[in-house]
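Keep the 3D view open as you read.

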Amino acid sequence: MADWNKNTIDQFHAKGGKGVGNFGDKLLLLTTHGAKSGQVRTTPLVYHRDGDRYVIAASMGGAPKHPSWYHNLVKHREAEVEVGTEKFKVRATPIPKGPERDRLYAAHGENFAPFKTYPEKTTRVIPIIVLERVR
């Protein structure tokens with residue numbers, strides 16, 4: 001996975017965040033601090049917009065557990081995002097369940113179809129995270 005992330009991040013930077021692999025222009029880079037280690041980690045993630053907010057899903061491809069970056073955001077709500085050639089600080093709001101989560105997850109699936117099948121692959125509810133720019 002580390003090689004895939006590195007290659008995707010390299011491609012993102014080389015292309016200015018546009019036309020990256022199968023993700024097209026729907027990819028952002030999320031940089032968090034490890035919940036336990038404190039180490040800085042960058043993860044490429046599919047996103048969609050909900051007004052001024054950026055929305056990501058802790059799907060891990062439908063795996064049975066949440067991805068590490070989700071735990072990082074639960075503990076350290078401040079993060080950094082790269083979208084296109086822009087880099088900025090965000091505050092994360094995890095939405096683990098409820099009608100707002102359901103609405104945003106459905107929109108995420110409309111934005112990038114593979115997310116529609118991830119809930120069938122897991123027994124957990126896949127959380128949504130809303131990222132809002134820190135001004």
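R91 has its bridge partner in β7: E132. This is a predicted model. The strands behind that pair are β6, residues 86-95, and β7, residues 128-133. They run antiparallel, and 6 bridges join them.

Now widen the view to the sheet. It is open and built from 7 strands. Read across it and the order is β2-β1-β5-β6-β7-β4-β3, with antiparallel pairing. Strands of a sheet pair through backbone hydrogen bonds, either parallel or antiparallel. The edges belong to β2 (40-46) and β3 (48-50), each of which pairs on one side only. From one strand to the next, the twist averages 35°.

Which helices pack on the sheet? One is α2, residues 68-75. Helix α2 touches β1 (27-33), β2, β4 (53-57), β5 (78-83), β6 and β7. Its direction makes about 60° with that of β1. Another is α3, residues 99-111. Helix α3 touches β2, β3, β4, β6 and β7, and its direction makes about 85° with that of β4.

Stay with α3. The helix has 13 residues. From its first C-alpha to its last it reaches 18 Å, close to the 18 Å expected at 1.5 Å a residue.

Which residues of α3 are buried? They are R101, L104, Y105, H108, G109 and N111. These residues lie on the same side of α3 because they cover an arc of only 155° around the axis. An α-helix has 3.6 residues a turn, so residues three or four places apart point the same way. What covers the buried residues of α3? The cover includes β2, β3, β4, β6 and β7. Turn to the other side of α3, and P99 and E110 are exposed.

Next, follow the chain out of the helix. T122 sits in the loop between α3 and β7. Is T122 buried or exposed? Its relative accessible area is 12%, and the cut-off for buried is under 20%, so T122 counts as buried. Look at what surrounds it. Leaving aside residues up to four places away in sequence, T122 touches G62, A63 and P64.

Technical notes
Residues numbered from 1 in each chain as written. Predicted model: local features only at pLDDT ≥ 70, side-chain atom pairs only at ≥ 80, totals over all residues. Heavy atoms only, no water. Pairing = 2+ DSSP bridges. Helix = DSSP H or I, 4+ residues; strand = E, 2+ residues; numbered from the N terminus. Axes fitted to C-alpha atoms, helices over the stretch in contact; angles between N-to-C directions. Contact = heavy atoms within 4.5 Å. Buried < 20%, exposed > 50% of the residue type's maximum accessible area, 1.4 Å probe, protein only. Expected span 1.5 Å × (residues − 1). Arc of directions from axis to C-beta.
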